[in-house]
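Open the structure in your viewer and keep the selection tool at hand. The tour goes from one selection to the next.

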Amino acid sequence: QVQLVESGGGLVQAGDSLRLSCAASGRAFSTYAIAWFRQAPGKEREFVAGISRLSTTTYYPDSMKGRFTISREYAKNTVYLQMNSLRPEDTAVYYCAAGVLSAGASSYNYWGQGTQVTVSS
């Protein structure tokens with residue numbers, strides 16, 4: 001089992017950057033792929049980025065490629081999401097999740113509580 005805690009969200013202006021962190025507890029960190037999802041008010045949860053358990057594969061939807069980068073630091077049991085050139089439409093609660101690498105939320109068994117990202121125009 002793994003517990004996930006997100007941090008790094010906040011209020012920024014369009015064009016700014018943010019780095020979100022997902023800290024995992026437990027010894028099983030390296031056995032899970034980790035993904036970031038986001039959910040805006042009134043919208044469905046959306047896949048943002050994923051990284052395989054050994055970091056050999058990263059996965060982004062086409063809409064995120066080039067602006068978002070996912071990475072993981074095993075010594076700190078942490079996964080990061082670097083977000084550049086933020087847009088107002090990136091405003092959402094961002095969640096990290098642990099499971100099997102996929103764009104589908106059902107592939108992930110463990111979820112954090114989320115961190116709010118708000119991008120003003």
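Two strands pair if DSSP finds at least two bridges between them; strands are DSSP runs (E, at least two residues) numbered from the N terminus. This is a predicted model, where local features need pLDDT of at least 70, side-chain atom pairs count only at pLDDT 80 or more, and totals for chains, interfaces and linings use all residues. Residues are numbered from 1 along each chain as its sequence is written, and side-chain values use heavy atoms, with hydrogens and water left out.

Six bridges pair β3 with β8 in the antiparallel sense. Now show the open sheet of four strands, in the order β1-β3-β8-β7 with antiparallel pairing. Its edge strands, β1 (3–7) and β7 (68–73), each pair on one side only.

Next, select serine 7, whose bridge partner in β3 is serine 21. Then go to phenylalanine 68, which stands opposite methionine 83 in β8.

Move on to the rings. Rings of Phe, Tyr and Trp (its six-membered ring) pair if their centres lie within 6.5 Å; planes under 30 degrees apart count as stacked, over 60 as edge-to-face and the rest as tilted. The structure holds seven aromatic pairs. Select tyrosine 32 and tyrosine 110: this pair is edge-to-face, 5.5 Å centre to centre, with 80° between the planes. Tyrosine 32 lies in the loop between β3 and β4 (33–39) and tyrosine 110 in strand β10 (residues 108–111), so the pair ties together parts 78 residues apart in sequence.

Finish with the cluster that ring pairs form from Phe37, Phe47, Tyr59, Tyr108 and Trp111.
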